[in-house]
Every structure is written in structure tokens, then in C-alpha cells.
Amino acid sequence: MNSYIGALDLGTTSNRFIIFDRQGRIVGLDQKEHRQIFPQPGWVEHDPMEIWRNTEEVIRGALAKTHLSGRQIAAIGVTNQRETTVVWDRRTGQPFMNAIVWQCTRSDELCRRLSQEGGQDRFRAKTGLPIATYFSGPKLRWILDHVPAARQSAQKGEALFGTIESWIIWWLTGGPNGGAHVSDVSNASRTLLMNLHTLAWDEEILKILDIPSSMLPRIVPSIDPQTWGATRADGPLGAAVPVCGALGDQQAALVGQTCFEIGEAKNTYGTGCFLLLNTGAQAKASAHGLLTTVGYQMRGQKPIYCLEGSVAIAGALVQWLRDNLGFFKTAAEVETLARQVADNGGAYIVPAFSGLFAPYWRSDARGVIVGLTRYINKSHIARAVLEAVAYQTLDVVEAMHKDSGVGLNSLRVDGGMVANELLMQFQADILSVPVIRPQITETTALGAASAAALAIGQASGFDELKKNWAQDKRWEPKMAAAQRQSGITGWKKAVERTLNWMD
């Protein structure tokens, strides 16, 4: 019986295929990292063909490990690193260049020009987003401006644009031989090209950015009984399996954490840090540096919107400490090192490696370490790295409260860094609310699987998903108010030191 659901988790650093049973429990998985390509400072790329090859490998690997066949998979959901931009030839499937990753700042000059002409928020009323290098639209325009073959093919109607879920769904469902060219509403809402209110590509913005509409994928619901196509029998699954669920990674985590009620929030601690607050069927505009985004949509129903705070560097800061500075050999060792001291010793790290994201949106900022004295040692730096993640989350929570008027009662957390109990306790202390970790921390993949299960009717509805969610651990705030305020004051001063670094 084909009672399992497959979830493709197409992350910033790796691809995974996770197989879930009907109760949302993990049966097996396989994972493979892909290269991070840095052509020059501030530029970040991935090889799209490597991501597709790795996708094929992890699907085959997970099936082999679980001794399942593709015929036992009832449906596939996809979740992905958002905003990362691919342009390829619809006839051959060959990309015109490497994918431009969401972290990449190469479109900064274009974004400045667009902002000078009409302000950074000139598209916010329609898209919910400021003009920033983060989003796909400026990245796509950069490719069209700098890769002549891409521009020529786009003008002929032969070039396709997509974020990573579009790219992989296209290949899964046939590629050059009839592959489905689609983007779900949650991913399309991150392009700076989709109108939040009509859920359609905005013709005025496309004209301003000089982007041919023929390149763009068809916008579809996140949860879609009208499946977009089936995997090919000669593909990695070896069977025709419907592809019918897709969510950007942070929206997938929102679904995986079952934040289906207005005011429920989750934070994902991955390469970056992403906090989403469910605001219901109304798109709430932000006046405090947050993004208005589509959370998810089921076909035939109104979309659910969110306020989001996006932090560019979270787990990537621990990787930097490991890979660039050689503080330790495995990321998990950061907690052991940080526990050797009682506090940060007065040192703060603000990881504005590619500017500051929410709630500041300052591309001129660069990372700083401040408050150094001869007293500071490796352990203080390790602790300051973990604290930086929690303080950046606090900045977002404060902005959300100002925008929504909704006070945070607790925070559901997921992602690789939630295994770090020192960080989780400090996060509870700094937010002054309980922090809750679920039993299944792979909530991003779980959200994609849930979308597919809902689409084919294997899950009866959102209530069933809520029943399957369970708490693993809860951290209560313990820090004294004066100590908390002193730390926050130091953090705010450190953030000020990052600004105006780039001309």
C-alpha cells in the first residue's frame, strides 16, 4: 500500500529526502551537501545541476535505506531555500549560469537605483516586501543584464525562471519533456514580482524590471489536489508519484509546527533565522522592517498570511567560527566551548556579513566584534556567537509586537540549532517567554509532507496535524530583569557600530 509521503527538503547547504508515515513520523532519510560557491565578496552561488543530481541521489538513497519502492510513496511535497534564482533553457534544461543564492548581494546597485527612483518601499503595498538584494526579482534582472544568452532566450520565450522548488519540480515531472513549470504562492510571494492581493504576477513591476512574463512559472496553491504532474517512471523514484505540495522552507516549518491560528509563531534556526507570525486571511503591512508574506494556501481557500522577520546569519555564524577561524572541528562543540564561561565577558558579535536583514534592512552594514579586552578568550567569543542569534531574534520579536499588537506568549522553535540547549535557554531569557521544541524537529520537511498528505486526502485536515504535534522540551525564562536589560543595551550599541561601513 502506498501509505508513505516523501518530502524533498532543498536547503541552502544540502538536499534531503525524508519519508514519513501516516502519523508524521520519520521512517528514513538520506542527505547530501552541495557546494557553496563564492566568486567574490558578497556573491553566493549554487550549481543547479548539482542540486538536481543530488536530489536524484537522496531519493534513491532514502528508498534504499528504508527498503521501500517508489510505488509505496503516495505523494511528494517539496520545500526549499527561498529566493535563490535559476534561469534555464526550456529546451535543454541547462542553466544559463549558476543559481544566485538568497544571501547574494550582487544586485545591490540595481536595488539602490530602484529605491532612488521611488523609495525602498515603492513595491511594498503590492508585494509586502522592501526593495532588497534578498529577493528573486532583482537577481533575475541581474542575470538578464549580465548574461546575454539568457536575455536573448528570454526574448524568444525559450528561457524559464524559477526558485529552487520550480527548478526541481520541473525536472521531477519531466524536465524538457513536459515538466511542470510552477511556483507555489509562498515562494512566489518572495520574488518581489507577485501581487499579494491578487496572487498573480504584477505587470507593472515586471515592466519596471524589464522581465518578460513568458519566463515566469504558473502560480499554484501550496496544497493542491490538482497535482502538477507525476514523477517519471524512469526517474529516481522509479514510479509515477504525484507532486502536489510545495512551500518555501520557512512557511513549511510554520505548517510543520501547526501554527494555524492567528498569533501563533515559530522560529527556525538554520543557516539564517526566520520567525513567522500567523496573521490570518488578511495581509498585514509592516511599518517596522518586517515582511508580509503568504504562509500557505489550500486550493479553493483564501491564503493565510504572515509577518516574517528574516535574519541572514544564524547557524552560518557557527560555521564561520568553525571553518574560517578554526575554533573547533564540529558545530556541536560551540556549546561545550561557550559553557566554559558564565557570560560573554562584555563582547558582542553582530554577523552582518552581507548587511543586516530584518528589522533594519541595511546593505551598508558589515559584521563587527565589539567590546574586546584582554580578558576575552575563545569561550567568550563562542558564547557571543550563540547570543547573537538570540538577540537578532529579539529584534524581530520587538518589531512584530509593534506591527501586530500581539504579544508573544511562547515561541515554537525548530532547525539544526535547537539541539543547542544553552542557546535555547538564553533565547527564553532574552525574550522572557517560554521556548518550546517539538518532538519532531524536522518541521520544514514535515510541513512539506503535510501539504502533500492534505492534497491527496491522506490527512483529513489541520486538526489531525495538530493532534500529531507533540512537545519535546520547554525552556522557561530565568534571567533577572536587570541582567537581561543590560545585555540588550549592549547588543543595540553593537548593532549601531555595523552601520555605514560600505559606501
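Ile168 lies in helix H6, which spans residues 164-172. Helices here are DSSP runs of H or I with at least four residues, strands are E runs of at least two, and both are numbered from the N terminus. The model is predicted, so local features need pLDDT of at least 70 and side-chain atom pairs count only at pLDDT 80 or more, while totals for chains, interfaces and linings use all residues. Residues are numbered from 1 along each chain as its sequence is written, and side-chain values use heavy atoms, with hydrogens and water left out.

Ile168 counts as buried because its relative accessibility is 0%; buried means under 20% relative accessible area with a 1.4 Å probe and protein chains only. Leaving aside neighbours within four places in sequence, Ile168 is in contact with Leu8, Leu10, Ile51, Trp52 and Thr55, where contact means heavy atoms within 4.5 Å. Gly179 is 11 residues from Ile168 in sequence, and their C-alpha atoms are 9.6 Å apart.

The next topic is a helix pair. The axes of H12 (residues 378-404) and H16 (residues 481-496) come within 11 Å and cross at roughly 90°. Axes are lines fitted to C-alpha atoms over the stretch in contact, and angles run from 0 to 180 degrees between N-to-C directions. H12 and H16 are therefore roughly perpendicular, a term for angles of 65 to 115 degrees. On the H12 side, Ala388, Tyr391, Gln392, Leu394, Asp395 and Glu398 meet Arg484, Gly487, Ile488, Trp491 and Lys492 of H16. By class, this contact has five nonpolar, two polar and four charged residues. Ala, Val, Leu, Ile, Met, Phe, Trp, Tyr, Cys and Pro count as nonpolar, Asp, Glu, Lys and Arg as charged, and the others, Gly among them, as polar.

A search of the whole structure finds two cavities of 30 Å³ or more. A cavity is a set of points on a 1 Å grid over the protein atoms alone where a 1.4 Å probe fits but cannot get out, and lining residues have an atom within 4 Å of a point. Grid points are joined across faces, edges and corners, and a volume is the space filled by probe spheres set on the points.

| Cavity | Volume | Lining classes |
|---|---|---|
| Largest | About 100 Å³ | 12 nonpolar, three polar, one charged |

Of the 16 residues lining the largest cavity, Val311, Leu356, Phe357, Ala358 and Gln392 are the closest to its centre. Strand E17 (304-311), H12 and H16 each give two or more residues to that lining. Arg383, Leu386, Glu387, Leu422, Leu423 and Phe426 line the second largest cavity, to which H12 and helix H13 (421-431) each give two or more lining residues.

Definitions and conventions
Angles under 35 degrees count as roughly parallel, over 145 as roughly antiparallel, 65 to 115 as roughly perpendicular and the rest as oblique. On a 1 Å grid over the protein atoms alone, a cavity is a set of points where a 1.4 Å probe fits but cannot get out, and a pocket is an open set with protein on both sides within 12 Å along at least five of seven lines; lining residues have an atom within 4 Å of a point. Buried means under 20% relative accessible area, exposed over 50%, partly exposed in between (1.4 Å probe, protein chains only).
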